[in-house]
Amino acid sequence: MTSQHQNLIAIDPSLTCTGWAWFGNGALLTAGWIPTSPAMGSHLVRAHHIALNIGWSVSAGADFIFEAPQIYQTSRGAGDPNKIALGWLVIGAIGECGWVKRSETVFPAKWKGQVPKPVMFERIKRRLTDHEIGCCKDLDILKGPEAKCPGASSKAGNAMDAIGVGLWKLGRLG
C-alpha cells in the first residue's frame, strides 16, 4: 500500500450500480455511483456505459484498484455467481477503454476483513478529512450504508466501499 498515486480511481464494480472514488495526490476528490438498468440494453452495453462514465476523470491515465467480485459461501446468502460474473464484465469494460495505467484487484476480506458494513462505513467516514467529507456532502453515501443509488436497487454503499478500497490502497484505512 502506498500513497504515491497522482491519480487513483477505486471501483466497487456492479452492473446494477458501480461505486467509484477518485483520489488525487492521496486525497479524496469526489465519489459517486453509476446506476444502470436492463432498459439500457444488454449487459455489455451497460458495462460500456459504466466505463465511459468513469473515463471522464481519467484523460491522462490513472492507477485503478478494483474490489474483486467474490462468490461467498452459500451460508452467507450472498454472491450469486451470475451477478459476480457481471462485476468482472464491468472491470473488463473499464480496462479495455485505455485509461488504466496500472491496476490491481483486492478481495473484500483483504481490505476490510469481516467487519460488518455499518461498522466499516463509520470507520471509513472517520478516516476522511473535513475537506474530503465536504467533497461528498451532497451524496447520499454519507447518510448511511442503506442509502439507495438513485434509479437503482443497489445501495449507495457501493460508493462508500470504493472510498474504503481507495483509502486502503493509500494506506489510510489503518
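This is a predicted model: local features need pLDDT of at least 70, side-chain atom pairs count only at pLDDT 80 or more; totals for chains, interfaces and linings use all residues.
Biologist: In what sense do strand S1 (residues 7-12) and S4 pair, and over how many bridges?

Modeller: Strand S1 and S4 pair in the parallel sense over 4 bridges; two strands are said to pair if DSSP finds at least two bridges between them, so the 4 bridges meet that definition. Residues are numbered from 1 along each chain as its sequence is written, and side-chain values use heavy atoms, with hydrogens and water left out.

Biologist: How many bridges join S4 to S5, and how do the two strands run?

Modeller: S4 and S5 run parallel and are joined by 6 bridges, with Ile 65 standing opposite Glu 104 of S5. The strands themselves are DSSP runs of E with at least two residues, while helices are runs of H or I with at least four, both numbered from the N terminus. By this rule the chain has 6 helices and 5 strands, in the order β-β-β-α-β-α-β-α-α-α-α from the N terminus on.

Biologist: Why is strand S4 (residues 62-67) described as largely enclosed by the rest of the structure?

Modeller: Because 6 of the 6 residues of S4 are buried, where buried means under 20% relative accessible area, exposed means over 50%, and partly exposed lies in between (1.4 Å probe, protein chains only). In a regular strand the side chains alternate between the two faces of the sheet. In S4 both faces are covered, with Ala 62, Phe 64 and Phe 66 buried on one side and Asp 63, Ile 65 and Glu 67 buried on the other.

Biologist: What makes the rings of Phe 64 and Phe 66 a stacked pair?

Modeller: Rings of Phe, Tyr and Trp (its six-membered ring) pair if their centres lie within 6.5 Å, and planes under 30 degrees apart count as stacked, over 60 as edge-to-face and the rest as tilted. The search of the whole structure finds 1 aromatic pair, and because the centres of Phe 64 and Phe 66 are 5.7 Å apart and their planes lie at 20 degrees, this pair is stacked.

Biologist: How do you know that Lys 169 forms a salt bridge with Glu 104?

Modeller: A salt bridge is a side-chain nitrogen of Lys or Arg within 4 Å of a carboxyl oxygen of Asp or Glu; the closest N and O atoms of Lys 169 and Glu 104 are 2.3 Å apart, so the pair qualifies. At 13% relative accessibility Lys 169 counts as buried, whereas Glu 104, at 27%, counts as partly exposed.

Biologist: Which residues are linked with Lys 112 in a network of salt bridges?

Modeller: Lys 117 and Asp 161 are linked with Lys 112 in that network. For Lys 117 and Asp 161 the N to O distance is 2.8 Å, and since Lys 117 lies in helix H4 (residues 117-127) and Asp 161 in helix H6, the pair ties together parts that are 44 residues apart in sequence. Lys 117 is partly exposed at 32% relative accessibility, while Asp 161 is buried at 6%.

Biologist: Where do Lys 125 and Glu 122 lie, and how many residues apart are they?

Modeller: Both lie in helix H4, 3 residues apart, about one turn of the helix, and their side chains meet in a salt bridge at 3.9 Å, N to O. Lys 125, at 24% relative accessibility, counts as partly exposed, as does Glu 122 at 36%. In the whole structure, the search finds 6 salt bridges.

Biologist: What residues have the most contacts inside the largest nonpolar core?

Modeller: They are Ala 21, Phe 23, Leu 28, Trp 111, Ile 124 and Ile 163, in a core of 22 residues. The name applies to a set of buried Ala, Val, Leu, Ile, Met, Phe, Trp, Tyr and Cys residues joined through side-chain atoms within 4.5 Å. The largest share of this core, 6 residues, comes from H6. Apart from it lies another core, of 19 residues, among them Leu 15, Ile 34, Ala 51 and Leu 86.
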